[in-house]
Amino acid sequence: MYRLAPLAIIIAAALWGLDGIVLRPSLYTLPVPLVVLIESSIVAILLTPFFIKKFSLFKNLELKDWFSFAAVAFFGGALGTMAITKALFYVNYANLSVVVLIQKLQPVFAISLAAILLKEKLQKEFYLWAGIALIGAYLMTFGLHLPTLNSGDKTPIAVLFSLIAAISFGSSTVFSKRALKNVGFETGTYLRFLISSFVMILIVLFTGDYKSISEVSNIQWIVFLIIAFTTGGPAIFLYYYGLKSVPASVSAICELSFPLTAVLLEYFVRGNMLDFVQWVGVILLLFGILKVSTLSK
């Protein structure tokens, strides 16, 4: 099982790269909370028949387990997914790979949050490699230029949402590891989508975005179903399968297939390619993340 775990995470992360570049941009006309609610709910509904007989087992979960799943649902299923979706929508006509690569600062935040929440001690080298990753992220986004927020370019705003996503998914990784302590990866996948759906229902009711459900086109419903059967449920299933068996540092390294897949798809699907300085930033970013990830024991 351990030997297959890293491969499962690599496949899951590659599917997320496919989602960000090929699938999710076609949903940009819809409110972000509604998008996240629909995709979470479809997976939860599809999985419910397989877990309805196991509902009685859920009462054995401790309060800490439910708190962990609630945190995963909020940070990963709701806030993180809404932020990365919003970021992708903002650059619908620009380089989506920039947003995806920025989001892969997630390991830096994950290890930082593990130090805060789990009291893990950070090595001194962490600050060096994390700094290099941040420099790389800046060069990849802005090159050698200063950011101009009033130019009409939505990339800086997209980068902000992508950073929020990175922090949220980093938090979700820490809580996911705790949430999977007393349940299998199958049950963990189901609870993640089920609780996320309830969280998103509250958010959509609060924002009033439920009124836009009539605006979902037939093509977009098909896209939602494709996401549910590929980059949604199955991807999380594979990811939790791997995360259950490997350390977080190994998982973070395997997840680098996400940005690499995104860059390749951005070129082959949209014909967009980063310039030389941005590629230097990509190398610094990935190198920094790789070094940060290997510091975690």
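Visitor: Why is D19 called buried?
Guide: Its relative accessibility is 5%. Buried means under 20% relative accessible area, exposed means over 50%, and partly exposed is in between (1.4 Å probe, protein chains only). So D19 counts as buried, at 5%.

Visitor: What kind of model is this, and how are residues numbered?
Guide: It is a predicted model, where local features need pLDDT of at least 70, side-chain atom pairs count only at pLDDT 80 or more, and totals for chains, interfaces and linings use all residues. Residues are numbered from 1 along each chain as its sequence is written, and side-chain values use heavy atoms, with hydrogens and water left out.

Visitor: What makes R24 and D19 a salt bridge?
Guide: The closest N and O atoms of R24 and D19 are 2.6 Å apart. A salt bridge needs a side-chain nitrogen of Lys or Arg within 4 Å of a carboxyl oxygen of Asp or Glu. The pair therefore qualifies, at 2.6 Å.

Visitor: Is R24 buried or exposed?
Guide: R24 is buried, because its relative accessibility is 6%.

Visitor: Which other salt bridge does R24 make, and where are the partners?
Guide: The side chain of R24 also meets that of E39, at 2.6 Å from N to O. This pair links distant parts of the chain. R24 is in the loop between α1 (4-23) and α2 (32-51), while E39 is in helix α2, 15 residues apart. Both R24 and E39 are buried. The structure holds two salt bridges, and D19, R24 and E39 are linked in a network of them.

Visitor: How many helices and strands does the chain have?
Guide: It has 12 helices and zero strands. Both are DSSP runs numbered from the N terminus: helices are H or I with at least four residues, strands are E with at least two. Along the sequence the pattern reads α-α-α-α-α-α-α-α-α-α-α-α.

Visitor: What makes Q220 and T29 a polar contact?
Guide: Their side chains are joined at 2.8 Å. A polar contact is a pair of N or O atoms within 3.5 Å; within protein, one must be able to donate a hydrogen and the other to accept it, and residues adjacent in sequence count only if both atoms are side-chain atoms. So 2.8 Å falls inside the cut-off for Q220 and T29. Q220 lies in helix α9 and is buried at 6% relative accessibility. Leaving aside neighbours within four places in sequence, Q220 is in contact with S26, L27, T29, L30 and E215.

Visitor: Where is L225, and why is it called partly exposed?
Guide: L225 is also found in helix α9 (residues 218-243). Its relative accessibility is 43%, so it counts as partly exposed. The C-alpha atoms of L225 and V43 are separated by 8.9 Å, though the residues are 182 apart along the chain.

Visitor: Which polar contact does S176 make?
Guide: Its side chain joins that of Y240 at 3.3 Å. S176 is in helix α7 (residues 155-179) and is buried, with a relative accessible area of 2%. Not counting residues up to four places away in sequence, S176 touches V72, Y240 and L243.

Visitor: How many aromatic pairs are there, and what is the rule?
Guide: Rings of Phe, Tyr and Trp (its six-membered ring) pair if their centres lie within 6.5 Å; planes under 30 degrees apart count as stacked, over 60 as edge-to-face and the rest as tilted. By this rule the count comes to 12 aromatic pairs. F58 and W66 form one of them, at 6.3 Å centre to centre and 85° between the planes. The pair is therefore edge-to-face. F58 is buried at 11% relative accessible area, whereas W66 is partly exposed at 31%. F51, F55, F58, W66 and Y190 form one aromatic cluster.

Visitor: How do you know that the charge of R192 sits over the ring of F193?
Guide: The charged end of R192 is 4.9 Å from the ring centre. The rule asks for NZ of Lys or CZ of Arg within 6 Å of the ring centre and within 35 degrees of the ring normal. R192 is listed as sitting over the F193 ring.

How values were computed:
Contact = heavy atoms within 4.5 Å.
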